[in-house]
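Thank you all for coming. I would like to walk through one model this morning, beginning with a strand and ending at the ligand.

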Amino acid sequence: MTTAAAPSLGAENPWLNAQRQFDNAADILELTPGLRAVLREVRRELVVRFPVKLDTGDVRMFEGYRVQHNTTRGPAKGGLRFHPETSLDEVKALAMWMTWKCALVNIPFGGAKGGVVCDPRALSRRELERLSRRFASEITVLIGPESDIPAPDVNTGAQIMAWIMDTISMEAGYSVPAAVTGKPLDIGGSEGRPSATGRGVTIVALEACGKLGIDPGEATVAVQGFGNVGSVSAELMHEAGFRVCAISDLGGGIYSPDGIHIPALLAHRSHTGTIERFAGTTPVTNRELLELPVDVLVPAALENQITAANAGRIQARLVVEGANGPTTPDADSILERRGITVVPDILANAGGVTVSYFEWVQDLQSLFWEEGEINRRLERILQRSFGQMWRQAQAHTVSLRLGAYLVAVKRVADATAVRGIYP
Ligand code: NAD
């Protein structure tokens with residue numbers, strides 16, 4: 001067994017990791033020092049501190065961020081995360097990853113991300129609404145349908161997007177549906193958006209299985225995280241014939257080598273509020289789930305789950321990154337040495353932003369498409385991007401992550417070079 005290497009300094013700082021990943025691509029692309037300097041930094045970072053009235057009548061201050069990494073190829077695009085441990089460095093990394101993701105799937109957006117340091121579970125619905133609206137108002141200097149379009153991320157969903165859309169619209173004096181994506185259908189949301197990220201995970205998992213000679217009907221899967229991305233990935237992979245054997249969320253996981261019936265698990269969770277004690281499964285911790293003897297591992301929770309400390313014990317042959325940044329660069333090297341294929345986040349979870357792009361286009365045109373059309377377009381885009389990534393990785397004998405970065409960073413670098421530096 002491989003001995004875990006000591007983590008290097010800053011090994012779990014997502015921003016330093018994002019810059020390391022960029023540097024690896026910039027070296028191979030031989031970017032000029034000027035282009036490298038431009039692309040390695042974020043363009044704008046806004047930190048806001050704002051009061052929210054609690055139900056008790058007390059006032060509490062919250063801190064939030066909106067970061068735009070790059071807007072060369074179009075308006076900035078990226079989700080909003082509500083989490084007690086979010087930070088400016090995390091949001092900067094997520095914004096940079098959005099730039100590469102949009103470029104890789106070749107949609108005309110730059111990269112952004114936002115977050116509020118809070119524990120939404122400790123807030124009432126009315127407090128959460130006031131927080132969402134006040135945060136939206138604080139960041140209106142940056143966001144808007146032509147400049148920067150937020151979407152859901154961890155602990156945010158369609159309802160929060162509706163409050164944000166309403167706040168922006170009230171301040172403008174007219175409805176601005178294209179200001180956010182991931183909205184409810186009633187106010188200009190798109191068919192297929194809630195399931196888009198998990199659908200994308202499934203599409204690229206099938207592509208990767210095809211390349212690696214893994215038969216989905218024979219393959220076992222573990223999914224970490226059972227929120228928007230994890231639950232839809234598990235459900236659609238189950239439908240595609242994979243045997244999903246393990247699932248976890250913040251409270252821990254469940255495991256059955258014979259496979260878990262995902263629709264029944266979803267019904268169990270909606271009755272009991274938890275995935276725990278699902279018939280025929282045994283409990284596993286989140287750490288144990290990552291190291292189970294399965295063919296495919298889908299981390300779909302948070303960053304830094306596969307690190308130098310556990311990469312030597314991962315048994316899956318294929319890792320499909322539903323989450324952003326679940327694998328540290330140190331862990332990447334270990335997995336690569338061990339012959340484990342990683343489909344990187346910037347492709348694996350790009351289904352969400354791709355259908356967000358469709359939603360934005362539909363809102364701007366006030367003309368809405370059917371779900372079948374959306375899913376077909378999504379599949380075409382992800383399959384094409386998978387092929388481009390695969391070919392770059394083969395051409396340079398590098399990992400799929402680096403292959404994906406070579407495609408994406410080159411697109412942004414070319415766009416930057418042709419636009420030139422203002423003034
Ligand atoms: P979510 O809030 O819907 O769900 C998060 C899930 O992770 C929950 O099941 C939660 O219990 C679980 N979780 C949280 N902390 C955990 C931990 N320490 N260990 C195990 N499980 C834990 O969020 P989401 O939208 O599904 O996002 C998950 C990941 O996917 C994030 O990295 C996010 O940036 C990324 N992502 C989301 C989208 C999207 O469209 N929502 C798109 C692209 C990427």
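Predicted model: local features only at pLDDT ≥ 70, side-chain atom pairs only at ≥ 80, totals over all residues.

Let me begin with strand β6, residues 220-224, where 5 of the 5 residues are buried, so the strand is largely enclosed by the rest of the structure; buried here means under 20% relative accessible area, with a 1.4 Å probe and protein chains only, and strands are DSSP runs of E of at least two residues, numbered from the N terminus. Residues are numbered from 1 along each chain as its sequence is written, and side-chain values use heavy atoms, with hydrogens and water left out.

In a regular strand, side chains alternate between the two faces of the sheet. In β6 both faces are covered, with T220, A222 and Q224 buried on one side and V221 and V223 buried on the other. β6 pairs with strand β7, residues 243-249, in the parallel sense over 5 bridges, where pairing requires that DSSP find at least two bridges, and V221 stands opposite V244 in β7.

Turning to the ligand, which residues come nearest? Of the 22 around it, they are D153, N155, T197, L250 and N324, a residue being near if one of its heavy atoms lies within 4 Å. A polar side-chain atom of R81 lies 2.9 Å from a ligand oxygen atom, and a polar side-chain atom of R193 lies 3.3 Å from a ligand oxygen atom, polar contacts being pairs of N or O atoms within 3.5 Å.

How values were computed: Polar contact = N/O pair within 3.5 Å; in protein donor to acceptor, adjacent residues only side chain to side chain. Buried < 20%, exposed > 50% of the residue type's maximum accessible area, 1.4 Å probe, protein only. Helix = DSSP H or I, 4+ residues; strand = E, 2+ residues; numbered from the N terminus.
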